[in-house]
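Hi,

Here is the structure I promised to pass on. Have a look at it first, and then read my notes below.

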Amino acid sequence: MTQAASTTTKRERFRRKDLRQPDEFISLSRRAIEWGQQNLRLVQIGAAGLLGVLLLVGAITWYVQARAERAARAYYGANELFKREQWGEAYESFRAVANDYGSTSYGRLAKLYAGRAAMKAGKPAEAVPMLREFANQAPDPALEQLALVELAAALEASGDASSARTELERAVAIDGPAKPEAQISLARLAEAAGEKDKAIELYQKYLEEDPDGASAELARMRLVGLGVTPPPAPPSLGFPGGMSMPQIQIQ
């Protein structure tokens, strides 16, 4: 027998041997089936458990979504009362949303608006707990700062100026859009408490950070009243020579 023929015979025997060996995947599948047949009860229990978990997850998802939808409807109903300036009814409606759906985003926001509605209804004592709860769980610093300013106003209106100042100090420490309002309110309370130097410092800081803000003229007036010359107001926009911008009439 030649060398080539011998090599071919060996290769054929090798391939036939390989083909006779069972495929690994088939072997594993066969063993899995046999195990399942021998442990049918365990397989049934496992399948039932998995199905139960899937059903539970689905039920929880449905419940959360349905609850969020109910909270949204209740919130917008209360908001309509707020828009119509029905402050007492709006407060009660927002408070109900906060109590019933407090774990939802609408329930948390309802606390802020319940406090605002209570303030407009002349009920600062009722506003305080709602605003405090919202401030403690506000979703971002800007809303926290706003809630603290509103909370301070409610506390002051309730006769607790000391606590109002504490909340305003927290608001001033936050870099947000309501900071100027917090500063001017804190300066006013310091002045009312007889803390002249503190009030001057706060009025001056307000003018330094917001020289043409909504309360800038009030800050300058209070500084004059405290015996301090305020910084000059920023120049208003105009034309050279003191001429003002001509009015444009639209026909």
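Glu-150 is buried, with a relative accessible area of 18%. Buried here means under 20% relative accessible area, while exposed means over 50% and partly exposed is anything in between, using a 1.4 Å probe and protein chains only. Before you go on, bear in mind that this is a predicted model, in which local features need pLDDT of at least 70 and side-chain atom pairs count only at pLDDT 80 or more, while totals for chains, interfaces and linings use all residues. Residues are numbered from 1 along each chain as its sequence is written, and side-chain values use heavy atoms, leaving out hydrogens and water.

Back to Glu-150: you'll find this residue in helix H7, residues 141-157. (Helices are DSSP runs of H or I with at least four residues, strands are runs of E with at least two, and both are numbered from the N terminus.) If you skip the neighbours within four places in sequence, Glu-150 is in contact with Arg-116 and Leu-131; contact means heavy atoms within 4.5 Å. Arg-132 is 18 residues from Glu-150 in sequence, and their C-alpha atoms are 9.3 Å apart in space.

Ala-152 is in helix H7 too. Ala-152 is buried, with a relative accessible area of 1%. Not counting residues up to four places away in sequence, Ala-152 touches Ala-164, Glu-167 and Leu-168. The C-alpha atoms of Ala-152 and Ala-164 are separated by 4.1 Å, though the two residues are 12 apart along the chain.

Next up is Arg-165, which sits in helix H8, residues 161-172. Is Arg-165 buried or exposed? Arg-165 is buried, at 15% relative accessible area. Leaving out neighbours within four places in sequence, its contacts include Leu-186, Leu-189 and Glu-195.

Now for a pair of helices. H4 (residues 87-100) and H5 (residues 105-120) pack at an angle of about 155 degrees, and their axes are 8 Å apart. The axes are lines fitted to C-alpha atoms, for helices over the stretch in contact, and angles run from 0 to 180 degrees between N-to-C directions. That makes H4 roughly antiparallel to H5; the label is for angles over 145 degrees, with under 35 being roughly parallel, 65 to 115 roughly perpendicular and the rest oblique. Among the residues making the contact are Trp-87 and Phe-94 of H4, and Tyr-106 and Tyr-113 of H5. The contact residues divide into 12 nonpolar, one polar and three charged. (Nonpolar covers Ala, Val, Leu, Ile, Met, Phe, Trp, Tyr, Cys and Pro, charged covers Asp, Glu, Lys and Arg, and the others, Gly among them, are polar.)

The structure holds nine aromatic pairs. Rings of Phe, Tyr and Trp (its six-membered ring) pair if their centres lie within 6.5 Å, and planes under 30 degrees apart count as stacked, over 60 as edge-to-face and the rest as tilted. Tyr-75 and Tyr-113 form an edge-to-face pair, 6.4 Å centre to centre with 85 degrees between the planes. Tyr-75 lies in helix H3 (residues 40-83) and Tyr-113 in helix H5, so the pair ties together parts that are 38 residues apart in sequence. Both Tyr-75 and Tyr-113 are buried. They also belong to one aromatic cluster with Tyr-76, Phe-82, Trp-87, Phe-94 and Tyr-106.

Finally, the whole chain: there are 11 helices and zero strands. Buried residues make up 31% of its 251 residues.

Cheers
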